[in-house]
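Please keep the sequence and the 3D view open while you go through them.

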Amino acid sequence: KLGNETAKAELGRSAWKLLHTIMSRFPDTPSQDEQTALKSYIHLFVRLYPCGECAEHFRQIVEKYPPQVSSRSSAAVWACHVHNEVNKSLGKEVFDCSKIGDFYDCGCAEDAKDEMS
Ligand code: FAD
């Protein structure tokens, strides 16, 4: 049982890291196609998340707080908010979403000019 908890936590950390880093690189002014892509990504992330109880719980959170994909900052704050909802349910500290801006670094500063297009 202990091993399962460790694996579940590790999966969670990796998944959150990827999700928040994707948000941090999402365009400031996304096209309709980019907005649709992010919305689809989030829905598939919810649907396919490998921990079944987590996915079901998260599905309810996302149903209550629909994905915000109109800009980088709205997407980043949305992801921070839903992560905080999970944090609360697990009795973890709530993250200050006003600090989300520089927290996630994709390590790809060399193509910062290009942004995602
Ligand atoms: P994590 O919550 O994994 O966070 C990693 C790091 O992200 C933190 O150290 C902090 O630096 C930063 N961070 C924290 N909060 C935020 C935020 N709001 N916004 C941005 N960055 C933040 N585990 C369960 O036991 N039961 C569940 O039902 C469950 N559901 C989950 C659903 C999803 C979709 C995901 C991705 C994970 C879920 N998990 C669940 C795993 C859980 O959320 C944690 O990932 C895991 O418990 C490890 O926690 P942690 O304390 O290392 O920090």
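1. The terms work as follows: a residue is buried if 20 or more other C-beta atoms lie within 10 Å of its own, exposed if 12 or fewer do, and partly exposed in between, with the C-beta atoms placed from the backbone. Gln 32 belongs to helix H2, and its C-alpha atom is separated by 14 Å from that of Ala 75, a residue 43 positions away along the chain.

2. Before going further, please note that this is a predicted model, in which local features need a pLDDT of at least 70 and side-chain atom pairs count only at pLDDT 80 or more, while totals for chains, interfaces and linings use all residues. Residues are numbered from 1 along each chain as its sequence is written.

3. On confidence, pLDDT is the predictor's own score for each residue, running from 0 to 100. The mean pLDDT of the protein is 92, and 91% of its residues reach 70 or more. For the complex, the predictor gives an ipTM of 0.99 and a pTM of 0.94.

4. The protein has four helices and zero strands, so that its elements, read from the N terminus, run α-α-α-α, where helices (H or I, at least four residues) and strands (E, at least two) are DSSP runs numbered from the N terminus. The radius of gyration is 15 Å, close to the 13 Å that the globule rule gives for 117 residues, and the protein is therefore as compact as a globular protein of that length. This radius is taken over C-alpha atoms, and the rule is 2.2 Å times the number of residues to the power 0.38. Along the principal axes, the C-alpha atoms fill a box of roughly 45 × 30 × 25 Å.

5. Which residues make up the largest nonpolar core? There are eleven in all, namely Met 23, Phe 26, Leu 38, Ile 42, Val 69, Ala 75, Ala 76, Trp 78, Ala 79, Cys 80 and Val 82. The elements that give two or more residues to this core are helix H2 (32-48) and H4, and H4 gives the most, with six. A nonpolar core here is a set of buried Ala, Val, Leu, Ile, Met, Phe, Trp, Tyr and Cys residues joined through C-beta atoms within 7 Å. In soluble globular proteins, nonpolar side chains tend to be buried together. Over the whole protein, buried residues make up 13% of the 117 residues.

6. Contacts deserve a point of their own, two residues being in contact if their C-beta atoms, placed from the backbone, lie within 7 Å. Leaving aside residues up to four places away in sequence, Trp 78 touches Tyr 65, Pro 67 and Gln 68, and Arg 72, with the same exclusion, touches Met 23, Phe 26, Pro 27 and Asp 28. Arg 72 is in helix H4 and counts as partly exposed, because it has 19 C-beta neighbours inside 10 Å.

7. Is Asp 33 buried or exposed? Asp 33, found in helix H2, is exposed, with 8 other C-beta atoms within 10 Å. His 57, by contrast, lies in helix H3 and counts as partly exposed, with 15 C-beta neighbours inside 10 Å. The C-alpha atoms of His 57 and Val 86 are separated by 8.5 Å, although these residues are 29 apart along the chain.

8. Finally, the ligand is surrounded by 21 residues, of which the closest are Gly 12, Ala 15, Cys 54, His 83 and Phe 95; a residue is near a molecule if its C-beta atom, placed from the backbone, lies within 6 Å of it. The elements that give two or more residues to this shell are helix H1 (2-24), helix H3 (52-64) and helix H4 (72-89), and H1 gives the most, with seven. The shell divides into eleven nonpolar, six polar and four charged residues, where Ala, Val, Leu, Ile, Met, Phe, Trp, Tyr, Cys and Pro count as nonpolar, Asp, Glu, Lys and Arg as charged, and the others, Gly among them, as polar.
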